[in-house]
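Reader: I am new to protein models and would like to learn how to read one, step by step.
Author: Then let us look at it together, beginning with the whole chain and moving on to single residues.

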Amino acid sequence: MQIKNKKLLIIGLDGVPYELLKDLTDNGTMPHLKKLLSRGKLQKMEVTIPEISSISWSSFMTGTDPGNHGIFGFVDLYKGKYKYRFPDFRDLKVTTFFDELGKKGKRSIIINLPSTYPAREIPGVLISGFVAPDKKKAVYPPEYIELLENTGYQIDVDVSNGKEKKIDFFSDLNYTLKARKEMADILWKNEKWDIFMFTVTGTDRLHHFMFDAYLDKNNRYHKDFLNYYEELDKVIGNLIAKTDGKNEFEIMILSDHGFGLIEHEVYLNQILRKEGFYKNGSGKLKKLEGITKDSKAFAIDPSRIFINVKEKFPNGSVKPGDYNKVRNDLKSFFEEYRVNGKKVIKKVFFKEELYSKRFLDNSADIILLSNPGFDLKGGLKKDVEFGNSFFTGMHLQDNAFFFSTAVENIPEKINITDIKGSILELFN
C-alpha cells in the first residue's frame, strides 16, 4: 500500500520477544497495543547474527548486513591489534532510510534509536540512543539540547541498579520512559515530519536483569515487571491516539532481537584455552594483549572467534595455508560442545556464510549461534568454562517481532534487513 503524502509511526521495543508481546496483550496487561494488533499483521522476525542491538538496529535502518554496513558488534578490534574499539554512527557505511527519504523531501523524527551516536545532521530531528556518553553530542539540531535538559531526558537507565538495587532500577526505568514520552509529545506537536520513530530501550534492560521475574509469578518483582509494561502500554496508547481517525497514518512496531531465560553463561576464551587454541603469557586471561604466538584463536563478545592469523595480528601464528583447517577444527569442536550434557551451539557460521563481501575482512572468522539458555561471552576474566552472574535474560535471534498496519508489502518470513525496503516502498 502506497502512502504518498501520508505519515508513518514506528515504535521500537528493544529486546521484546514475540511470545512475551503475545502474552501481555492477551492477558490484559497491554490493552492499547492489543487493540492496535487487530488492525494489521504481527509476526515473528529473525535478526542479523550476532543478535545484539548495535548490529540489529544498524541492519534495520540500512536494510543490509554487517558485511555491507560495517558494524559487527558493540566492540570491534582495531585493525591489526588485540585492542577493542567502540564503533559508532560514523562507522556506518550505508545510508539509512531517513537519509534516503530525506532526499525526497521527507522529514523524520528519530528518538532514541541505538547506534546513532554521535548525532549528525539528518532531514529532521535525531536524538541518539545508547551508547551515547555525551548528551550534548546526541542531539541534532543542537538547539534541542536545552529542551532535553529541561525535561530531564536521559539516554539510558543506570544499569548498575539492576544488580542489587531493584527498587531504584524500576524507578529509573519508569522515570526514563516518562521523560522520553514528554520529549516525544513536544516534537510530535512542534515539528513538521513524515516519519516519527520512538524507541524504548528500557525493555532490554529490564529483561537482562529481571526476565526471571516475568516467567515466575511468585517472584517478588513479578508485579513490578508487569507494571512497567502497563506504563509502556499507556505511552504506546498515547502515540496511537494521535493517529486515530487519520487515514494518512501507517504504524510499524518491532523489536531488534528476542529474549529468553539464561541457564548458563558460556565463556569462550576459557574453552579455547582448555582446548589449546588460546594461550596467555601470564597464565591468566585478563586482556587480549597477553596472547602468545602459539595461540591459534581468541574470542570477543558476544559470540565471535578470530583466527590468530600470521601477518594479520602482531602475535599471529596461523599460516594462511592452515586457516581453513583451524576453522574446521573449531567448527567440529563447537558443534559437539556440551554443558551438563546439553548441546550449547545451535549452529557454527563461517563469516562468508553470513555477511556480504564489502567489509568481510573486518569480521570475526567464526560466529556462533547458541541454543536458547546458553549466553556466549568472551570471558577473559573468568576462571571457568561456564557459570552465572546477575543477568537472568539473554538475547535470542529468532523470536523478535514485527507488526505493521500496511501488510501488502511485508514478506511472510521476515528478517530485520527487510524492513527498510518496506518503509521506502510505502513512500514510493
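**Reading the chain**

Author: This is a predicted model, and its protein chain has 13 helices and 22 strands.

Reader: What does the radius of gyration say about the protein chain?

Author: The value can be set beside what a compact globule would have: with 428 residues that would be near 22 Å, and the protein chain has 22 Å, which agrees. Along its principal axes, the C-alpha trace spans about 65 × 50 × 45 Å, and buried residues make up 60% of the 428 residues.

Reader: How many of the residues of helix α3 are buried?

Author: A residue is called buried when its relative accessible area is under 20%. In α3, which covers residues 53–62, ten of the ten residues are buried, and the helix is thus described as mostly covered; among them are I55, W57, F60 and M61. The helix is followed by G63, whose phi is positive, near 75°.

Reader: Is K79 buried or exposed?

Author: Exposed means over 50% relative accessible area, and K79, at 83%, therefore counts as exposed. K79 lies in the loop between β3 and β4, and although K79 and D361 are 282 residues apart in sequence, they are 9.8 Å apart in space, C-alpha to C-alpha.

Reader: Where is K81 found, and which residues form a positive surface patch?

Author: K81 is found in the loop between β3 (76–77) and β4 (84–85), and because its relative accessibility is 44%, K81 counts as partly exposed. The positive surface patch is formed by K81, K83, K287 and K381.

Methods:
Residues are numbered from 1 along each chain as its sequence is written. This is a predicted model: local features need pLDDT of at least 70, side-chain atom pairs count only at pLDDT 80 or more; totals for chains, interfaces and linings use all residues. Side-chain values use heavy atoms; hydrogens and water are left out. Patches are made of residues with over 30% relative accessible area and no salt bridge: like charges are joined within 9 Å, nonpolar side chains (Val, Leu, Ile, Met, Phe, Trp, Tyr) within 5 Å. Accessible areas come from the Shrake-Rupley method with a 1.4 Å probe; for residues, only the protein chains shown count as cover. A salt bridge is a side-chain nitrogen of Lys or Arg within 4 Å of a carboxyl oxygen of Asp or Glu. Lys and Arg count as positive and Asp and Glu as negative; His and the chain ends are not counted. The place of a charge is taken as NZ of Lys, CZ of Arg, CG of Asp or CD of Glu. Helices (H or I, at least four residues) and strands (E, at least two) are DSSP runs, numbered from the N terminus. Buried means under 20% relative accessible area, exposed over 50%, partly exposed in between (1.4 Å probe, protein chains only). The radius of gyration is taken over C-alpha atoms; the globule rule is 2.2 Å times the number of residues to the power 0.38.
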